[in-house]
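Colleague: I would like to check the terms used for this model. For each one, please set the value against its definition.

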Amino acid sequence: MISVEHLTKWYGDFKAVDDLSFEIDEGHVYGFLGPNGAGKSTTMNIITGCLSATSGSVKIDGHDILEEPKEAKKQIGYLPEQPPLYMSETPVEYLRFVAEAKGLKGEAVKKQIQEVIEQTGLEPVKNRRISALSKGYKQRVGIAGAMVGDPEILIFDEPTRGIDVGAKAEIHSLITKLAGEGKAIIMISSELPEVMGMSDRIVVMHEGIMTAILDRKDFSSELILKYATSEIPYQPAADEQ
């Protein structure tokens with residue numbers, strides 16, 4: 001689904017992302033973990049086409065994000081850490097705007113809005129102003145917006161930060177369900193227990209480099225913390241190359 005090769009991003013003299021290469025497959029939840037400043041959000045902004053790379057390439061289902069941005073972006077739904085919600089609108093109004101921005105028309109707009117409202121549990125508040133909603137419901141509106149258009153890849157940046165335990169559990173359940181339907185899910189978080197609980201694969205980053213890719217069978221807080229502070233780039237085993 002996603003192929004990243006030798007991705008590098010410089011900001012002046014600062015290298016935010018350093019020679020990343022990895023693959024993202026369908027039907028899995030990938031946790032991207034690392035301390036603040038590790039390069040997680042920068043990497044996702046490049047993958048989604050919001051930011052250009054200094055060098056390297058990103059292909060989404062075979063489409064280069066820079067050379068074929070329209071085709072590549074059709075496959076991606078993105079929830080940034082600060083969702084760009086319009087607080088004076090209702091969820092229905094906001095989702096209609098998102099659907100039309102994604103090129104949907106007519107009955108397809110109504111159908112998509114109703115589907116994502118049902119999937120994210122927004123029915124009770126769909127006609128309330130977003131400004132009046134709880135943090136948990138606001139996050140659901142952002143997630144629903146990412147899901148509009150039925151993209152095959154969903155990227156969630158800190159999807160449960162600042163919300164209560166009940167809302168977290170519901171979002172976790174939704175993410176698991178989407179992966180079970182064959183979606184490729186990337187979840188960026190700085191919360192180790194959440195990433196370990198939600199993901200079946202974890203990518204660990206530290207100061208712009210990728211230090212590990214771990215399968216669930218290898219998860220342990222001690223090992224992950226070790227890689228999160230490592231300055232040694234990940235080297236795949238011979239059978240992975």
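Modeller: Two strands count as paired if DSSP finds at least two bridges between them. Strands (E, at least two residues) and helices (H or I, at least four) are DSSP runs, numbered from the N terminus. The model is predicted, so local features need pLDDT of at least 70 and side-chain atom pairs 80 or more, while totals for chains, interfaces and linings use all residues. Residues are numbered from 1 along each chain as its sequence is written, and side-chain values use heavy atoms, leaving out hydrogens and water.

Colleague: What makes β1 and β2 a pair?

Modeller: They are joined by 7 bridges and run antiparallel; the requirement is at least two, so they pair. Ser3, for instance, has Glu23 in β2 as its bridge partner. The hairpin that β1 and β2 form has 2 residues between the strands, and Gly12 there takes a positive phi near 65°.

Colleague: How do you know which strands are at the edge of the open sheet?

Modeller: The sheet has 6 strands in the order β6-β7-β8-β3-β9-β10, with mixed pairing. β6 and β10 each pair on one side only, which makes them the edge strands. From one strand to the next, the twist averages 15°. Within the sheet, β3 (29–33) and β9 (201–206) pair in the parallel sense over 4 bridges; Leu33 has Val204 in β9 as its bridge partner.

Colleague: Which strands does helix α1 touch, and what is its angle with β8?

Modeller: Contact means heavy atoms within 4.5 Å. α1 (40–47) packs on the sheet, touching β3, β6, β7, β8 and β9, and its direction makes about 145° with that of β8. α6 (165–180) also packs on the sheet, touching β3, β7 and β8, at about 150° to β8. Those angles, on a scale from 0 to 180 degrees, lie between N-to-C directions of lines fitted to C-alpha atoms, for helices over the stretch in contact.

Colleague: Why is Gln75 called buried?

Modeller: Its relative accessible area is 19%, and buried means under 20% (exposed is over 50%, partly exposed in between; 1.4 Å probe, protein chains only), so Gln75 is buried. Gln75 sits in the loop between α2 and β6. Leaving aside residues up to four places away in sequence, Gln75 touches Ile60, Asp61, Pro151, Glu152 and Ile153.

Colleague: What makes α1 mostly covered?

Modeller: Of its 8 residues, 6 are buried; they are Lys40, Thr42, Thr43, Met44, Ile46 and Ile47. Gly49, with a positive phi near 85°, follows α1.

Colleague: Which residues line the largest pocket nearest its centre?

Modeller: Lys73, Ile76, Tyr78, Val98 and Lys102, out of 25 lining residues. A pocket is an open set of points on a 1 Å grid over the protein atoms alone, with protein on both sides within 12 Å along at least five of seven lines, and lining residues have an atom within 4 Å of a point. The space in the largest pocket is about 710 Å³. α2, β6, α3 (91–101) and α5 (135–147) each supply at least two residues of its lining.

Colleague: Which residues of the second largest pocket lie nearest its centre?

Modeller: Ser21, Phe22, Met210, Ile213 and Tyr234, among 25 lining residues. β1, β2 and β10 are the elements that give two or more residues to that lining, and β2 has the largest share with 6. About 610 Å³ of space lies in the second largest pocket.

Key:
On a 1 Å grid over the protein atoms alone, a cavity is a set of points where a 1.4 Å probe fits but cannot get out, and a pocket is an open set with protein on both sides within 12 Å along at least five of seven lines; lining residues have an atom within 4 Å of a point. Grid points are joined across faces, edges and corners, and a volume is the space filled by probe spheres set on the points.
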